[in-house]
Amino acid sequence: MKYAVVTGASKGLGESTAKLLLQEGCHVIGVSRNMNQNLEKLAEQNSVTYQHESCDLSSPDAIEHTFTLIAERIFLSNVEVVYLVNNAGQVEPIDKAGTAEVEELSQHVNVNLLAPMATTNLFLKRAKETNVPVVITNVTSGAAERSVYGWSAYCSTKAGLNRFTETVALEQEELSSGNKIIVFNPGIMDTDMQGQIRSANEESFKDVETFRDYKQENKLRETDVVAATLVTILSSVNQIVSGKRYNVNDLLQ
Ligand SMILES: NC(=O)c1ccc[n+]([C@@H]2O[C@H](COP(=O)([O-])OP(=O)(O)OC[C@H]3O[C@@H](n4cnc5c(N)ncnc54)[C@H](OP(=O)(O)O)[C@@H]3O)[C@@H](O)[C@H]2O)c1
């Protein structure tokens with residue numbers, strides 16, 4: 001039996017990833033503020049379960065409460081592997097540094113960086129206690145590796161996520177724990193997040209026209225295509241290179 005916990009499963013890449021994992025025969029728990037009823041139906045059709053946990057990942061207390069409960073439920077002796085896909089993310093605030101409220105920044109950092117760090121910690125602890133291996137995917141962005149005018153929060157949290165992942169991979173390797181952790185860069189996809197990016201004004205976000213062109217010129221990938229790449233990587237656990245940055249642009253034409 002395999003379990004997968006996918007954050008941000010209500011839509012976008014998270015929904016597609018949850019869908020494909022259900023079709024692969026994984027039991028899936030989706031964590032987001034909104035529910036996705038299509039995933040429940042799909043689970044039934046594939047004789048697996050889909051459970052939704054409502055959680056606002058900007059709240060450290062809610063993260064701890066929700067993931068402690070989930071971990072107690074899924075790290076069981078008959079479970080072969082637990083997948084954790086830290087996919088939920090937000091791009092806002094989009095504007096120059098010097099304009100954001102502290103509360104907005106705190107919310108952003110909690111969703112994009114604190115939540116993956118906290119869930120990784122909680123699941124690694126539980127994996128050690130139960131001897132059930134965990135495979136963690138942290139969804140990053142090309143913005144982790146280049147500075148984008150107006151995205152100082154997003155570039156920082158995604159860069160932090162990459163460094164966190166690589167550090168944890170180094171530790172797990174040293175400990176010969178059998179746990180693996182990777183970053184996955186999904187490239188540009190046709191999701192609500194891209195819609196928010198396109199609706200920014202040029203004064204706040206210099207590259208907005210380039211992103212409007214991506215949509216016009218059909219350069220945004222469908223999330224099902226991107227999720228299929230990730231699920232293919234996850235399906236061969238032995239071949240996963242812990243600490244690696246998997247980049248969809250290197251894996252797809
Ligand atoms: N789209 C792109 O072109 C692109 C490019 C590079 C990287 N990425 C990364 O890919 C991942 C998925 O992006 P996407 O484009 O699929 O985004 P999306 O369509 O905007 O979906 C974001 C998901 O995150 C969840 N989420 C956001 N804030 C949350 C909160 N406070 N608490 C709980 N869940 C929250 C949302 O669920 P609820 O609203 O239901 O809570 C939703 O399911 C993100 O990490 C993003 O940074 C995207």
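Which residue has a backbone N or O atom that lies 2.7 Å from an oxygen atom of the ligand?

1. The residue is Asn-87. The model is a predicted one, and the distances and angles in this note are to be read with that in mind.

2. Leu-13 places a backbone N or O atom 2.9 Å from a ligand oxygen atom. At Leu-57, a polar backbone atom is 2.8 Å from a nitrogen atom of the ligand. Of the 880 Å² of accessible area that the ligand has on its own, the protein covers 96%.

3. The surroundings of the ligand comprise 30 residues. The closest of them are Arg-33, Asn-87, Tyr-154, Thr-191 and Gln-194.

4. Helix α3, residues 60-74, packs against helix α4, residues 102-130. The angle between them is about 30 degrees and their axes are 10 Å apart. The crossing is right-handed. From α3, the contact residues include Pro-60, Ile-63, Phe-67 and Ile-70; from α4, they include Leu-114, Ala-118, Leu-122 and Phe-123. By class, the contact has eleven nonpolar residues, three polar and three charged. Among the residues in contact are also Glu-64 and Glu-72 of α3 and Arg-126 of α4.

5. Two backbone features deserve a check by eye. Most residues other than glycine have a negative phi, and most peptide bonds are trans. The peptide bond between Glu-92 and Pro-93 is cis, with omega at about 5 degrees. Pro-93 sits in the loop between β4 (81-86) and α4.

6. The other feature is at Ser-47, a residue other than glycine whose phi is positive, near 55 degrees. Ser-47 belongs to the loop that runs between α2 (37-45) and β3 (50-54).

Definitions and conventions: Residues numbered from 1 in each chain as written. Predicted model: local features only at pLDDT ≥ 70, side-chain atom pairs only at ≥ 80, totals over all residues. Heavy atoms only, no water. Axes fitted to C-alpha atoms, helices over the stretch in contact; angles between N-to-C directions. Helix = DSSP H or I, 4+ residues; strand = E, 2+ residues; numbered from the N terminus. Left-handed = near helix turned anticlockwise from the far one by under 90°. Contact = heavy atoms within 4.5 Å. Nonpolar A, V, L, I, M, F, W, Y, C, P; charged D, E, K, R; others polar. Near = heavy atom within 4 Å. Polar contact = N/O pair within 3.5 Å; in protein donor to acceptor, adjacent residues only side chain to side chain. Areas by Shrake-Rupley, 256 points an atom, 1.4 Å probe, with all protein chains shown as cover.
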